[in-house]
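Here is a short report on one chain. Look over the sequence and the model first, then read on.

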Amino acid sequence: MIPQLRGWTAVQRTPQNNVRLGATLCFVAGATNAGGFLAVGQYTSHMTGVVSSVADHLVLGQIGLALAGLASLIAFISGAMTTAWMVNCGLRRNLQSAYGRPLLLEAALLLIFGLFGTGINFFA
């Protein structure tokens, strides 16, 4: 299993590894979107929808919800910047799995998010 995962995060991947990685990341995005909806009542993985909802909330005078959407957008941009930085550092160091660290960080953050969501439901 580990050698197969290394192939997914390698700089040079086979088409088969690209398909497997893409399918896995699609599943993760869908699960994150569903988890975000269950946790906060809003889909979280589509930034165009988040930006549209920010505009809607501003027009309706719901400043708190607009700020929450804006925070979501800022978190997305920060995550993209962090990923680019991590990948570029890995490529400069000639790491074979330059994409592995950002994926590991994402997995850890999703685990924390899931535990946090479970804790909210447990104590509510």
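## Overall fold

Helices here are DSSP runs of H or I with at least four residues, numbered from the N terminus. By that count, leucine 58 sits in helix α3, residues 47-59. The model is a predicted one.

The chain has five helices and zero strands. From the N terminus the order of elements is α-α-α-α-α. Of its 124 residues, 19% count as buried. The chain exposes about 9000 Å². Carbon and sulfur atoms supply 71% of that area. Take the contacts between residues at least 6 apart in sequence: 40% of them join residues at least 24 apart.

## Helix α3

Helix α3 has 13 residues. From its first C-alpha to its last it reaches 19 Å, close to the 18 Å expected at 1.5 Å a residue.

Which residues of α3 are buried? They are Met47, Val50, Ser53, Val54 and His57. Seen down the axis of α3, these buried residues fall within an arc of 115°, so they line one face of the helix. They pack against α4. The face turned away from the buried side carries the exposed residues Thr48 and Val59. After α3 comes glycine 61, with a positive phi near 80°.

## A nonpolar surface patch

Leu58, Ile63, Leu67, Leu70 and Ile74 make a nonpolar surface patch of about 470 Å². Which helix gives the patch its largest share? Helix α4, residues 63-92, does, with four residues.

Leucine 58 belongs to α3. Is leucine 58 buried, partly exposed or exposed? The cut-offs decide: buried means under 20% relative accessible area, exposed means over 50%, and partly exposed lies in between. Leucine 58 has 48% relative accessibility, so it counts as partly exposed.

## The loop between α4 and α5

Asparagine 94 is found in the loop between α4 and α5, the latter spanning 100-123. Its phi is positive, near 60°, and the residue is not glycine. Most residues other than glycine have a negative phi. Asparagine 94 counts as exposed because its relative accessibility is 66%.

Tyrosine 99 is also placed in the loop between α4 and α5. At 28% relative accessibility, tyrosine 99 counts as partly exposed. Which residues does tyrosine 99 touch, leaving out those up to four places away in sequence? The list is Thr9, Ala10, Val11, Arg13 and Val87. Alanine 10 is 89 residues from tyrosine 99 in sequence. In space the two are 6.8 Å apart, C-alpha to C-alpha.

Where does alanine 34 lie? It is in helix α2, residues 15-40. With 38% relative accessibility, alanine 34 counts as partly exposed.

How many residues separate alanine 34 and threonine 44 in sequence? They are ten residues apart. Their C-alpha atoms are 8.2 Å apart in space.

## Recap

In this predicted model, the buried residues of α3 pack against α4. In the loop between α4 and α5, asparagine 94 has a positive phi. Tyrosine 99, in that loop, touches residues including Ala10 and Val87.

Terms used
Residues numbered from 1 in each chain as written. Predicted model: local features only at pLDDT ≥ 70, side-chain atom pairs only at ≥ 80, totals over all residues. Heavy atoms only, no water. Patch = residues over 30% accessible without salt bridge, like charges linked within 9 Å, V, L, I, M, F, W, Y side chains within 5 Å. Areas by Shrake-Rupley, 256 points an atom, 1.4 Å probe, with all protein chains shown as cover. Salt bridge = Lys/Arg side-chain N within 4 Å of Asp/Glu carboxyl O. Helix = DSSP H or I, 4+ residues; strand = E, 2+ residues; numbered from the N terminus. Buried < 20%, exposed > 50% of the residue type's maximum accessible area, 1.4 Å probe, protein only. Expected span 1.5 Å × (residues − 1). Arc of directions from axis to C-beta. Contact = heavy atoms within 4.5 Å.
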